[in-house]
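Have the side chains on display as you read.

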Amino acid sequence: MGRVLLFGEPLALFTARELGPLDEARSFDLSLAGAELNVAIGLARLGHEATYLSCVGDDALGRFVCRSMEAQGVSTSSVALDGAHPTGLMLKGRALEGDPEIAYHRAGSAFSQLEPSILDDVDFRAFDLVHLTGIPCALGPGCLATTGVILEKASVAGVPVSFDPNLRPQLWPDE
């Protein structure tokens with residue numbers, strides 16, 4: 001089976017239990033969210049070794065996210081804890097038709113503060129594949145720079161990269 005390094009922001013997801021707008025929701029279920037994390041969990045379920053490269057807050061939600069990833073078989077050995085910034089989160093409504101209302105709270109998150117130095121101890125030769133999406137590129141200058149360094153280091157190590165643009169217009173200031 002393959003060894004895959006995935007880079008992205010894992011989010012604590014609060015999903016409304018009842019139908020209706022988010023501002024009327026009174027109870028929520030807590031779980032995980034994140035495009036790259038969904039891929040990591042899928043790969044782990046298929047028997048691949050999925051290692052997540054990220055940063056979460058050293059807070060209750062960050063600990064929940066890490067425990068939940070590990071319970072899904074995703075390695076958190078490359079997830080840094082940031083004591084100065086919170087874990088990103090997402091609120092999701094429930095709708096009978098169409099897309100549910102979603103609110104992201106990731107500005108100023110631990111991940112958005114990330115710098116390329118998170119890669120200092122990563123041996124890219126230990127992986128068979130690196131998986132990225134375009135989402136981190138929109139979350140801050142450090143995340144964008146880190147994405148570029150990941151691409152360079154993977155290339156130097158001869159490791160193939162899969163890239164899902166995963167365009168999220170709401171994350172970009174303009175087209």
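Is R63 buried, partly exposed or exposed? With a relative accessible area of 41%, R63 is partly exposed, where buried means under 20% relative accessible area, exposed over 50%, and partly exposed in between (1.4 Å probe, protein chains only). Before going on, note that this is a predicted model: local features need pLDDT of at least 70, side-chain atom pairs count only at pLDDT 80 or more, and totals for chains, interfaces and linings use all residues. Residues are numbered from 1 along each chain as its sequence is written, and side-chain values use heavy atoms, with hydrogens and water left out.

R63 has a partner: D58 forms a salt bridge with it, the closest N and O atoms being 3.4 Å apart. A salt bridge here is a side-chain nitrogen of Lys or Arg within 4 Å of a carboxyl oxygen of Asp or Glu. D58 is partly exposed too, at 43% relative accessibility. The whole structure has five salt bridges.

Another one joins E9 and R106, at 2.8 Å from N to O. E9 sits in the loop between β1 and β2 (11-16) and R106 in the loop between β7 and β8, so this pair ties together parts that are 97 residues apart in sequence. (Strands are DSSP runs of E, at least two residues, numbered from the N terminus.) E9 is buried at 3%, and R106 is buried at 10%.

Now the cysteines. A search for disulfides (pairs of cysteine sulfur atoms within 2.5 Å) finds zero in the whole structure. For C137, the nearest cysteine sulfur is that of C143, 8.8 Å away. C137 is buried at 17%, and C143 is buried at 0%.

Terms used. Helices (H or I, at least four residues) and strands (E, at least two) are DSSP runs, numbered from the N terminus.
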